[in-house]
Amino acid sequence: MRKADQDLPTSLRGIALKAVRLKEWRFDNLYGLLTVSNLEWCYYRLKRKAAAGVDKVTWKDYGKNLRENLENLVDRLKRKSYRARFVKRQYIPKLNGKLRPLGIPSIEDKVVQFGAAKILEAIYEQEFQAFSFGYRPGIGASNAVKELTFELQFGRFGWLVEADIKGFFDNINHEWLMSMLELRIRDKAFLNLIKKWLKAGVLDTDGKVRHPVTGTPQGGICSPVLANVYLHFALDLWFQKCVKPEFQGRVMLVRYADDFVACFQYRHEAEKYYRNLGKRLGKFGLEIEPSKTNMLKFSRFDSNHGNQFEFLGFSFRWQTDRSGKPRVLRTTSKKKYKASLANFTVWIKENRHTRVNRLMKTLQSKLRGYWNYYGVKGNSRMLGAFWWEVKLLLLKWLNRRSQRSSYNLKGLQEMMEYFNIPKPRISEKPAVRRQTYLWT
């Protein structure tokens with residue numbers, strides 16, 4: 001085992017324990033943790049096949065002279081001569097025809113950002129609320145879906161406010177963010193390092209360099225934890241310390257990044273939260289997305305009301321089960337269903353000439369991930385529909401490998417069975433109530 005595999009986790013564990021025990025402690029000497037051995041640990045945990053940044057240096061290229069490169073990097077960090085390179089901008093097409101901007105830092109910036117992100121994570125994981133699920137270790141979107149389902153099914157809620165923040169990553173106010181970080185961090189060198197990444201120029205696809213005044217680039221390794229810190233202060237603590245104590249009925253929030261659902265027992269309290277939400281976010285330079293923000297009735301006692309909402313790829317609605325009891329039904333949202341099929345079409349079209357055994361191995365991984373996420377109780381029909389469409393797409397594009405058709409549906413099914421391609425299945429296990437995550 002490399003020495004680098006031991007040093008950094010030990011340092012982070014100490015930070016995490018101090019963050020738990022000393023709630024008012026402001027951390028110093030964080031910058032000094034960015035040593036050669038610790039950054040080597042970070043390097044080996046980066047995605048090896050990720051796109052290169054503006055310098056066109058890949059993970060493999062940087063590793064050819066790793067020790068020398070890291071020693072040079074740490075020397076520049078110590079001399080305060082380290083400069084963040086431009087962030088390479090890429091655009092990912094969305095189903096609605098719009099483009100999602102992504103930022104790709106250089107491999108060297110990724111290494112340092114990974115180390116800084118782990119330090120921030122060790123400090124703030126102890127502070128983040130249990131209802132925050134996005135971009136956190138050990139929990140994710142499926143946990144948020146299960147938590148919300150459990151509370152809606154068994155809690156005393158009748159009204160919901162579903163919300164989304166407009167252009168969240170592009171509108172994070174740098175001054176507010178740095179003020180938030182300074183509440184727990186007093187290491188100026190470490191804070192200045194974060195400022196460099198926030199102010200780093202963005203090299204757009206048209207060749208022009210844009211210098212951001214607000215926001216953090218989506219795709220940056222530090223962006224997720226910085227975004228969570230921002231919403232922790234802007235939204236989560238407000239809900240926990242102001243909204244919750246003020247209301248008499250039961251209230252709850254489930255948040256995944258900038259997508260969240262607030263649940264209320266009483267209508268007038270839901271209305272008050274809905275009115276005040278925009279004002280609260282506006283204080284921090286944020287706006288709610290009107291097309292994705294709504295207040296609706298969602299109650300087991302009015303199961304025929306017809307209201308439904310979408311959250312993290314699922315459509316939620318009430319349905320009466322066979323025993324006559326109301327149940328929260330989750331099905332794949334139509335939007336995500338279409339997006340998944342569109343993505344699969346692009347993949348099979350581009351890879352149809354790949355050797356069959358390699359193609360089937362990738363298909364196996366893709367479908368296993370899909371069934372693991374969408375394989376919830378009550379979603380069998382949508383899983384079956386997706387499975388059928390996938391087989392039709394495979395049949396279509398595999399038969400275009402040559403001028404002669406090579407497969408019929410029966411032959412395709414036999415081949416998929418030979419390669420153990422996983423069929424639709426309900427993978428959901430009984431929900432286990434979780435406690436606030438402690439970094440270990």
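Buried means under 20% relative accessible area. That cut-off applies in every legend below, and the model is a predicted one.

Figure 1. Strand E6 spans residues 251-256. Five of its six residues are buried, so E6 is mostly covered under the 20% cut-off. Strand E7 covers residues 259-264 and pairs with E6 in the antiparallel sense. Six bridges link the two strands. One of the bridge pairs is Met 252 with Cys 263 of E7. Two residues lie between the strands of this hairpin. Ala 257 takes a positive phi there, near 55 degrees.

Figure 2. Strand E3 runs over residues 159-164, and six of its six residues are buried. In a regular strand, side chains alternate between the two faces of the sheet. E3 and E7 run antiparallel and are joined by six bridges. Glu 162 has Val 261 of E7 as its bridge partner. E3 is also joined to strand E8, residues 294-297, by four bridges. This pairing is antiparallel too. Here Leu 160 is bridged to Leu 296 of E8.

**Figure 3. The open sheet E2-E1-E4-E5.** Four strands form this open sheet, in the order E2-E1-E4-E5 and with mixed pairing. Which strands stand at the edges? Strand E2 (99-104) and strand E5 (209-210) do, each with a single partner strand. One side of each is therefore left without a neighbour in the sheet. Strand E4, residues 202-203, pairs with E5 in the antiparallel sense. That pairing has two bridges. Leu 203 finds its bridge partner in Val 209 of E5.

**Figure 4. The buried side of helix H7.** Helix H7 comprises residues 174-182. His 174, Leu 177, Met 178, Met 180 and Leu 181 are buried in H7. These residues lie on the same side of H7, because they cover an arc of only 155 degrees around the axis. An α-helix has 3.6 residues a turn, so residues three or four places apart point the same way. What do the buried residues of H7 pack against? Their partners are helix H5 (107-124), helix H8 (188-199) and helix H9 (223-246). At the start of H7, Asn 173 contributes a side-chain oxygen. This oxygen reaches to within 3.0 Å of the backbone nitrogen of Glu 175.

**Figure 5. Asn 38 in helix H2.** Helix H2 covers residues 36-43 and contains Asn 38. Is Asn 38 buried or exposed? Asn 38 counts as buried, because its relative accessibility is 4%. A polar atom of the Asn 38 side chain lies 2.6 Å from the backbone oxygen of Leu 33.

**Figure 6. Leu 281 in helix H10.** Leu 281 has its place in helix H10, residues 267-282. With a relative accessibility of 0%, Leu 281 counts as buried. Leu 281 touches Ile 165, Leu 235, Leu 286 and Ile 288, leaving out residues up to four places away in sequence. Ile 165 is 116 residues apart from Leu 281 in sequence. In space, the two are 8.7 Å apart, C-alpha to C-alpha.

**Figure 7. Asn 372 in helix H12.** Helix H12 spans residues 356-374 and includes Asn 372. Asn 372 is partly exposed, with a relative accessible area of 41%. Arg 425 and Ser 427 touch Asn 372, when residues up to four places away in sequence are not counted. Asn 372 and Ser 427 are 55 residues apart in sequence. Their C-alpha atoms are 5.6 Å apart in space.

**Figure 8. The whole chain, for context.** The chain holds 14 helices and 11 strands. Its radius of gyration is 24 Å, close to the 22 Å that the globule rule gives for 440 residues, so the chain is as compact as a globular protein of that length. The C-alpha atoms fill a box of roughly 65 × 65 × 45 Å along the principal axes. Of the 440 residues, 48% count as buried. Among contacts with a separation of 6 or more, 72% come from residues 24 or more positions apart. The accessible surface is about 23000 Å², and 49% of this belongs to carbon and sulfur atoms.

Terms used: Residues numbered from 1 in each chain as written. Predicted model: local features only at pLDDT ≥ 70, side-chain atom pairs only at ≥ 80, totals over all residues. Heavy atoms only, no water. Buried < 20%, exposed > 50% of the residue type's maximum accessible area, 1.4 Å probe, protein only. Pairing = 2+ DSSP bridges. Polar contact = N/O pair within 3.5 Å; in protein donor to acceptor, adjacent residues only side chain to side chain. Contact = heavy atoms within 4.5 Å. Rg over C-alpha atoms; globule rule 2.2 N^0.38 Å. Areas by Shrake-Rupley, 256 points an atom, 1.4 Å probe, with all protein chains shown as cover. Arc of directions from axis to C-beta.
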